[in-house]
Amino acid sequence: MSIHSEIKKVTTTSLLKMKAKGEKISMLTAYDFTTARMVDAGGVDTILVGDSAANVMAGYATTLPITLDQMIYHAQSVVRGVQRALVIVDLPFGTYQSNPEKALESAIRIMKETEANAIKLEGGAEVADSIKKIVDAGIPVMGHLGLTPQSVNQLGGYGLRAKEDAEAQKLLQDAQLLQEIGCFGLVLEKIPAALAKQVTESLRIPTIGIGAGVDCDGQVLVYHDMVGMNDGFAPKFLRKYLHLYAEITGAIAQYVKDVKEKNFPNEAESY
Ligand code: KIV
């Protein structure tokens with residue numbers, strides 16, 4: 001615990017204990033200070049500075065273009081807004097796939113420059129050497145299996161993964177491997193709920209699902225999606241807790257009207 005605060009920070013060990021106790025883990029994304037403050041104040045256990053920032057913050061069609069410098073900027077902003085939640089940062093595409101040394105350098109930059117608590121990267125056996133190298137340097141690593149958006153060009157889209165037995169078997173093996181080499185948890189994205197349950201029951205480390213059913217040890221959603229800012233994005237797995245796109249555009253339209261009609265500012269809002 002920090003000497004500056006009474007708030008008990010969530011750690012990777014807390015997540016392992018939560019799984020052991022059967023307590024579900026909540027995760028949301030955040031990419032900026034103001035959102036991170038709200039997400040943390042809402043009591044989420046862990047915040048992911050996802051490379052989905054490429055989509056929701058920068059408007060790219062895929063997560064591939066975001067750079068390590070850009071992820072570091074987002075993560076620094078988030079860390080400044082968080083007191084309790086564990087902050088995990090995605091290693092972006094191209095910063096860990098080529099060799100373990102490069103992967104470690106990328107992970108070290110994130111940990112040193114942002115003071116986040118852990119990193120996440122996508123893939124199974126193919127990236128095992130990189131994961132080992134990072135874990136051996138004392139950096140907590142979360143894995144990510146199933147739909148791995150950085151491979152969208154190879155996968156051919158964002159559809160459900162591991163429907164067929166061969167892919168499901170590889171996923172089960174990859175999950176075991178990631179646990180063996182020291183990952184503290186795994187994101188399971190867009191796979192059948194029955195498979196996610198099987199993976200979750202086979203592991204000591206927690207699974208965090210997105211489109212992977214209720215039996216994962218925790219759930220993650222993209223913040224902008226769950227508060228309904230992303231108009232038109234409505235996959236089956238998404239529950240919208242608010243409809244902020246309509247609320248915000250409505251408020252802006254009202255402001256424009258007030259300005260045009262000299263209803264803003266009024267006397268009380270003037271000096
Ligand atoms: O980048 C991201 O937001 C993610 C989550 C969808 C798990 O990886």
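These are my notebook entries on what I looked up in this structure.

**Entry 1: the model and its parts**

I started with the kind of model, which is a predicted one. I then looked up how the protein is divided. The assignment gives domain 1 as residues 12-240 and domain 2 as residues 245-270. I noted the spacing too: the C-alpha centres of the two domains lie 39 Å apart.

**Entry 2: the barrel**

Next I turned to the strands. I found a closed barrel of 8 strands. Its order is E1-E2-E3-E4-E5-E6-E7-E8, and the pairing is parallel. On average, neighbouring strands of this sheet are turned by 25 degrees against each other, with direction ignored.

Strand E7 covers residues 207-210, and strand E8 covers residues 218-221. They pair in the parallel sense over 2 bridges. Which residue in E8 is the bridge partner of glycine 209? I looked it up, and the partner is glutamine 219.

I moved on to H8, which spans residues 165-180. H8 lies across strand E5 (141-146) and strand E6 (185-189). Against E5, H8 runs at about 175 degrees.

Then I checked H8 against helix H9, residues 193-202. Their axes come within 10 Å and cross at roughly 25 degrees. Angles under 35 degrees count as roughly parallel. H8 and H9 are therefore roughly parallel to each other. H8 passes H9 in a right-handed crossing.

I listed the residues that meet. From H8 they are Ala168, Leu171, Leu172, Ala175 and Gln176. From H9 they are Leu195, Gln198, Val199 and Ser202. By class, this contact of H8 with H9 has 6 nonpolar residues, 3 polar ones and no charged ones.

**Entry 3: helix H2 against H4**

H2 covers residues 33-41, and H4 covers residues 68-81. The axes of H2 and H4 come within 7 Å and cross at roughly 40 degrees. What does that angle make the pair, roughly parallel or oblique? The cut-off for roughly parallel is under 35 degrees. H2 and H4 are therefore oblique to each other. Their crossing is right-handed.

On the H2 side, I noted Phe33, Ala36, Arg37 and Asp40 in the contact. On the H4 side, I noted Ser77, Val78, Arg80 and Gly81. The contact of H2 with H4 divides into 3 nonpolar, 2 polar and 3 charged residues.

**Entry 4: glutamine 83**

I followed the chain on from H4. Glutamine 83 sits in the loop between H4 and strand E3 (86-90). Leaving out residues up to four places away in sequence, glutamine 83 touches Ile7, Lys9 and Asp40. Asp40 is also one of the H2 residues in the contact with H4.

How far apart are glutamine 83 and glutamate 6 in sequence and in space? I found 77 residues in sequence and 9.7 Å in space, C-alpha to C-alpha.

**Entry 5: two backbone details**

I ended with the backbone. Alanine 162 is not a glycine, yet its phi is positive, at about 55 degrees. Alanine 162 belongs to the loop between helix H7 (152-155) and H8.

The other detail is a cis peptide bond. Which residues does the bond join? They are phenylalanine 264 and proline 265, and omega is about -5 degrees. I placed proline 265 in the segment after helix H11 (244-260).

Note on methods:
Residues are numbered from 1 along each chain as its sequence is written. This is a predicted model: local features need pLDDT of at least 70, side-chain atom pairs count only at pLDDT 80 or more; totals for chains, interfaces and linings use all residues. Side-chain values use heavy atoms; hydrogens and water are left out. Axes are lines fitted to C-alpha atoms, for helices over the stretch in contact, and angles run from 0 to 180 degrees between N-to-C directions. Helices (H or I, at least four residues) and strands (E, at least two) are DSSP runs, numbered from the N terminus. Angles under 35 degrees count as roughly parallel, over 145 as roughly antiparallel, 65 to 115 as roughly perpendicular and the rest as oblique. A crossing is left-handed if the near helix is turned anticlockwise from the far one by less than a right angle, and right-handed if clockwise. Contact means heavy atoms within 4.5 Å. Ala, Val, Leu, Ile, Met, Phe, Trp, Tyr, Cys and Pro count as nonpolar, Asp, Glu, Lys and Arg as charged, and the others, Gly among them, as polar. Two strands pair if DSSP finds at least two bridges between them. Domain bounds come from an automatic or database domain assignment.
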